Amino acid sequence: SLQGQLQSIMEECKCPILHSLLTEHVVAADGHSYERNAHVEHMCVAAAKEAAIQAEIGDLRAEQDVAREAKLAAEADLASCLDAMEATHAALLVERSRAAS
C-alpha cells in the first residue's frame, strides 16, 4: 500500500542513532547514513573510550614492568644471598677441617 511504502521510506530516512529524520546526514565508513552531529559525537565518544582503554593498557604494562623489575631484583637479591650463604658455608667447612687436623 502507499501508506506502507511511505512508512518504509520514512524509516530509511531516519538516523539509526537518534531515530529522527535526517536533516544533515553523512554517510559513514560502514555505508549507513547518520545525522552529522550524532555521528561526530558517537565518533568522539568512541575515540575517548579507545584512548581510555589504551591508557589503561599502558598503566597495566607499566605495572607489569615494575613487577618484572621487582621480581628480577628479588631474584638477584636471593642469588646474592645464596652466594653469601654458600661462601659462609664453605668458610665454615674450611675452619672445621683445620680444627679437626
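1. Accessible areas here come from the Shrake-Rupley method with a 1.4 Å probe. On that basis, the protein exposes about 8400 Å², and carbon and sulfur atoms supply 60% of this area. Please keep in mind as you read that this is a predicted model.

2. Let's begin with the layout. The protein has 2 helices and 2 strands, and along the sequence they follow the pattern α-β-β-α. Its radius of gyration is 35 Å, well over the 13 Å that the globule rule gives for 101 residues, so the protein is more spread out than a compact globule. The spans of the C-alpha trace along the principal axes tell you about its outline: about 115 × 25 × 15 Å.

3. How much of the protein is buried? Buried residues make up 7% of the 101 residues. Contacts give another view of the fold: among those between residues at least 6 apart in sequence, 3% join residues at least 24 apart.

4. Now for the charges. There are 8 positive and 17 negative side chains in the protein. The centres of these two sets lie 7 Å apart.

5. Which residues make up the largest nonpolar core? This core has 5 residues in all: Cys 15, Val 26, Ala 28, Tyr 34 and Ala 38. As general background, nonpolar side chains in soluble globular proteins tend to be buried together.

6. Leaving aside neighbours within four places in sequence, Tyr 34 is in contact with Cys 15, Val 26 and Ala 28, among others. Its partners also include Pro 16, Ile 17, Leu 22, Glu 24, His 25 and His 39.

7. Is His 39 buried or exposed? Its relative accessible area is 17%, and buried means under 20%, so His 39 counts as buried. With neighbours within four places in sequence left aside, His 39 is in contact with Ile 17, Val 26, Ala 28 and Tyr 34.

8. Compare that with His 19, found in the loop between helix 1 (2-12) and strand 1 (25-27). His 19 has a relative accessible area of 58%, and exposed means over 50%, so this histidine counts as exposed. Have a look at its backbone too: phi of His 19 is near 60°, a positive value in a residue other than glycine.

9. Leu 18 is also found in the loop between helix 1 and strand 1. At 46% relative accessibility, Leu 18 counts as partly exposed. Not counting residues up to four places away in sequence, Leu 18 touches Glu 35 and Ala 38; Ala 38 is one of the residues of the largest nonpolar core.

10. Finally, turn to Pro 16, which lies in the loop between helix 1 and strand 1. Pro 16 is partly exposed, with a relative accessible area of 41%. Setting aside residues up to four places away in sequence, Pro 16 touches Ser 33 and Tyr 34. How far from Pro 16 is Ser 101, going by C-alpha atoms? The separation is 95 Å, for two residues 85 apart along the chain.

How values were computed:
Residues numbered from 1 in each chain as written. Predicted model: local features only at pLDDT ≥ 70, side-chain atom pairs only at ≥ 80, totals over all residues. Heavy atoms only, no water. Helix = DSSP H or I, 4+ residues; strand = E, 2+ residues; numbered from the N terminus. Rg over C-alpha atoms; globule rule 2.2 N^0.38 Å. Buried < 20%, exposed > 50% of the residue type's maximum accessible area, 1.4 Å probe, protein only. Contact = heavy atoms within 4.5 Å. Lys, Arg positive; Asp, Glu negative; His and termini not counted. Charge placed at Lys NZ, Arg CZ, Asp CG, Glu CD. Core = buried A, V, L, I, M, F, W, Y, C linked by side-chain atoms within 4.5 Å.
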